[in-house]
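Me: I would like to go through this structure with you, one topic at a time. Could we start with the charged contacts and then move to the interior?

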Amino acid sequence: SGAVLPILKILDTYDVNISYINSSSDGSDYQNFIMGLLIENPKIIKMLLDDISSLYQIDIIDYDDSEKSLDNTIFYIRLANEMQKLFDLSTETTMEFISESNRILQILQEKGESPFKVFDYIRRFAYFISRHKGPEFKADIEKLEISESLTLYCIQPPCGSNTYIMDTPEQLAIIDTGYAIYEAEMFNIFKNLFPDWEKKNKTVYITHTDVDHCGLLSKIENIKIYLNEKSADSLIRQYKGIPDYREKNDLGFGYSKLSRIISGYIPPSPDKFEILDRGTPREHSELLQIGNFTIADLEFEVLEGSGGHIYGEMVFVCRKYGIIFTGDILVNISGFSTELAEFNSLAPFLMRSVNVDSKKATLMRKKVIHIAEQIGNTNGKPCIICGGHGPISIIQDGKIVKSIQDPGI
């Protein structure tokens with residue numbers, strides 16, 4: 001502790017700026033520091049090294065001087081200016097964006113990724129979300145008559161989660177809500193689909209607490225949000241400004257923070273919450289039934305996953321009508337549009353994986369598929385899969401292989 005201070009004093013004496021700093025510990029008694037120094041006067045370099053060497057041993061490391069170097073300082077200045085204009089960010093929020101970009105860069109650089117590639121993915125992520133606003137927001141909408149008293153709509157935006165709406169004479173039941181940045185575009189769709197949108201009672205259910213599934217929770221007025229204890233805890237953490245369950249590791253933290261800033265996400269007030277379960281074990285390895293709810297004549301079981309994708313993940317199952325809302329435990333990747341496939345390639349790079357625990361995620365996916373096949377066998381027709389992303393589909397031979405709109409389905 002304090003061992004770096006003498007170095008900082010020497011740098012200050014020579015008016016040298018630190019453009020990059022990173023440290024890592026390997027469990028030994030010392031810690032490695034890597035610094036990038038912005039030195040405007042090359043004549044001071046020898047004096048600087050002489051002063052530092054009087055305190056610490058210096059080793060000269062050979063390097064390939066033909067390699068193209070990247071001035072991180074210049075990049076960050078340009079990125080800050082771009083993001084501030086693109087999303088109309090305050091100076092404070094802009095600096096937070098740069099800080100989280102730097103967090104991601106440091107970690108991925110340590111894993112061998114090129115800074116050029118990391119910066120490119122961050123910029124592509126930001127620009128993809130921004131450029132699909134307004135006239136460029138093109139959502140696919142599917143409509144299914146599930147029963148005499150319930151019609152299901154699936155709204156698939158170019159990025160962010162699907163939003164499902166079950167329309168009944170008594171209410172609109174909404175499952176997941178997409179990115180907050182598309183508030184105006186989504187509300188236009190809602191009001192076009194449902195002319196009585198303002199008057200109708202509305203309830204919201206979320207499959208999990210990722211920012212791209214919860215964007216409109218604070219935007220839809222006079223609603224109750226139905227969720228499990230774990231998801232409520234995660235949203236309360238967001239509301240209080242402390243890391244949620246996605247943000248427990250640095251890559252998840254950095255990506256989640258960038259998503260919040262870019263999409264303008266505001267966590268919902270906890271006074272809207274209606275908890276679906278009580279006393280569910282904090283840790284379990286099952287797809288565990290924790291509650292139920294009813295929409296018109298559809299009775300849903302609420303199943304909680306083990307946290308492979310994210311802690312508190314849920315699946316909603318209606319056995320009678322053969323329909324499952326799977327969140328991101330099971331998504332229709334084969335049905336992705338070109339745009340959706342492009343966007344969904346960005347997060348796995350910036351977070352290394354969209355799943356908190358890939359082994360658990362694989363097991364949960366298999367369990368959901370098994371339930372869908374059981375329901376299909378019982379009902380004599382394929383179970384309908386409403387995934388977190390991609391078109392509505394069915395299970396065939398243990399895989400999502402078709403859209404529900406395909407001929408013959």
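**Salt bridges, core and rings**

Reply: In this predicted model, Asp167 and Lys200 form a salt bridge whose closest N and O atoms are 2.6 Å apart. Asp167 belongs to strand 5 (residues 163–167) and Lys200 to the loop between helix 6 (183–193) and strand 7 (201–205), so the pair ties together parts that are 33 residues apart in sequence.

Me: Are Asp167 and Lys200 buried or exposed?

Reply: Both Asp167 and Lys200 are buried.

Me: What about Glu274 and Lys224, and where do they lie?

Reply: Their side chains meet in a salt bridge, at 3.7 Å from N to O. Glu274 is in strand 9 (residues 273–275) and Lys224 in strand 8 (residues 224–227), so this contact ties together parts that are 50 residues apart in sequence. Glu274 has a relative accessible area of 31% and is therefore partly exposed; for Lys224 the value is 34%, so Lys224 is partly exposed as well.

Me: Which residue forms a salt bridge with Asp233?

Reply: Arg237 does, with the closest N and O atoms 3.7 Å apart. Asp233 and Arg237 both lie in helix 7 (residues 229–240), four residues apart, which is about one turn of the helix. Asp233 is partly exposed at 24% relative accessible area, and Arg237 counts as partly exposed at 25%. Elsewhere, salt bridges that share partners join Glu100, Arg103 and Asp250 into one network.

Me: How many salt bridges are found in the whole structure?

Reply: The search finds 24 of them.

Me: Changing topic: which residues touch the most other members of the largest nonpolar core?

Reply: Phe125, Leu152, Tyr179, Phe300, Ile323 and Phe325 do, in a core of 87 residues. Helix 5 gives the most to this core, with eight residues. Apart from this core lies another, of 17 residues, including Leu287, Val315, Val317 and Cys383.

Me: And what does Phe300 touch?

Reply: Leaving aside residues up to four places away in sequence, Phe300 touches Met166, Gly291, Asn292, Phe293, Ile295, Phe316, Val317, Cys318, Ile323 and Phe325.

Me: Back to helix 5, then. Which of its residues are buried?

Reply: The buried residues include Pro115, Val118, Phe119, Tyr121 and Ile122. Further along helix 5, Phe125, Ala126, Phe128, Ile129 and Ser130 are buried too. In soluble globular proteins, nonpolar side chains tend to be buried together.

Me: What caps the N-terminal end of helix 5?

Reply: Ser114 does: one of its side-chain oxygens lies 3.1 Å from the backbone nitrogen of Phe116.

Me: Last topic, the rings. How many aromatic pairs are there in the whole structure?

Reply: The search finds 19 aromatic pairs. One of them is Tyr179 with Tyr182, an edge-to-face pair at 6.5 Å centre to centre, with 65 degrees between the planes. Tyr179 counts as buried at 3% relative accessibility, and Tyr182 is buried at 1%. Phe293 and Phe300 form a stacked pair, 5.0 Å centre to centre with 20 degrees between the planes. Phe293 counts as buried at 6% and Phe300 at 1%.

Me: Which residues do ring pairs link into a cluster?

Reply: The cluster holds Phe125, Phe128, Phe137, Tyr179, Tyr182, Tyr255 and Phe343.

Methods:
Residues numbered from 1 in each chain as written. Predicted model: local features only at pLDDT ≥ 70, side-chain atom pairs only at ≥ 80, totals over all residues. Heavy atoms only, no water. Buried < 20%, exposed > 50% of the residue type's maximum accessible area, 1.4 Å probe, protein only. Helix = DSSP H or I, 4+ residues; strand = E, 2+ residues; numbered from the N terminus. Polar contact = N/O pair within 3.5 Å; in protein donor to acceptor, adjacent residues only side chain to side chain. Salt bridge = Lys/Arg side-chain N within 4 Å of Asp/Glu carboxyl O. Core = buried A, V, L, I, M, F, W, Y, C linked by side-chain atoms within 4.5 Å. Contact = heavy atoms within 4.5 Å. Phe/Tyr/Trp six-rings, centres within 6.5 Å; stacked < 30°, edge-to-face > 60°.
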